[in-house]
Amino acid sequence: MSQPVEGGRRPGREGRALVVVPVVWIVAVTVVDVLAPPHIHLGPLLVAAPALTPSFGGPRTVGAVAALAVIAQTVIAVVRDPAELFSANHEAQIIALVLVGVSLVVFCVLRERRAKELEQVRYVSEAAQRVVLPPLPRRLGPLRTASLYLAAEAEAQIGGDLYAAVRTASGTRLIIGDVRGKGMPAVHEAALLLGAFRVTAHRRDDLRDLVSELDRSVRWDLAQPGGTGEDEETFITATVLDIPDRDGQVRMVSCGHPPPIVVRDGRATTITARHASPPLGLGGLADTRHHLDAFPFAPGDLLLLYTDGVTEARDAAGTFYPLAERVTGWTGTDPDAFLRRFRTDLLRYVGGHLDDDAAMIVVGRTAAPHA
């Protein structure tokens, strides 16, 4: 975990070196004011020194610079004419410097307190993410995987996007989903679904039965007193896949989630479900019969699973991120390398800041299915 940058200011030697700037300014104003004609007064310019210091210094540094400015104002008065020290003009300037210095010190103290609170929030959210949404294992039988979660807000490293993988006797089952909504209710629903998936994925041989069980779990939770579904409609889009170890066909049930993409020899193919099911939590609105879709997945292919935070990311002109188009031409079969390249490309496309959380899983097969 990275170390906090106190109050958002510059750390280390760079911050200490910048202290020279206000000090030099105070010295320069003092010398020029002392040597200037009697009718010219540059003392008010001293306030720029403590005003500049909070951009790189903490409360102690700001207080020291403000005190130096007050001393400089006093020196100017004494050198030019000792009697002027008690004049209304110099007293007003000294009082103004003291008030500005105290105000800036208080501001820096509050800023650093806020920075520590945000750092604690980040620490707690990162810990929660590791518990609720840990990174996928790099190896799952014959599969290599890499996972990525990008939070829209720096203060909240986890939201409603979710993914998980479970090894079964015959292969690997994956889920990726997105809870409608934000905040703690979305985190609650994500944690519930992940728990249900990890427990049920071993017990249901048929992928359709597994999805039906997940839908019932979500609906049951929403129906409980105090559930998140009481005040607004809540549901979870998801894609659930079964990747057998000894079969080149991936079986999939899509519940209103963005379609997977298979990258083969630099060509990206979008796998659109022929019969998509309703999002999880809405299965009780109709007699839902989940349909299986299948598609080939061979060694050398990369399977991309993602949430709509990826495809709905916008550039400065408001254009959505064209995932399939952007990854077309990308070669290589290493999921980690692909994910690093994707992360860089996505953040560059949006200018470094996402408007919504985004998650992606990249899966590659290391051996022929019949091996």
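Colleague: Is Asp301 buried or exposed?

Modeller: Asp301 counts as buried, at 3% relative accessibility. Buried means under 20% relative accessible area, exposed over 50%, partly exposed in between (1.4 Å probe, protein chains only). Keep in mind this is a predicted model: local features need pLDDT of at least 70, side-chain atom pairs count only at pLDDT 80 or more, and totals for chains, interfaces and linings use all residues. Residues are numbered from 1 along each chain as its sequence is written, and side-chain values use heavy atoms, with hydrogens and water left out.

Colleague: OK, which side chain meets Asp301 in a salt bridge?

Modeller: Arg264, at 2.7 Å, N to O. A salt bridge here is a side-chain nitrogen of Lys or Arg within 4 Å of a carboxyl oxygen of Asp or Glu. Arg264 sits in strand β7 and Asp301 in the loop between β9 and β10, 37 residues apart. Strands are DSSP runs of E, at least two residues, and helices are H or I, at least four, numbered from the N terminus.

Colleague: How many salt bridges does the structure hold?

Modeller: 11. Another one pairs Asp293 with Arg274 at 3.3 Å, N to O. Asp293 is buried at 5%, whereas Arg274 is exposed at 66%.
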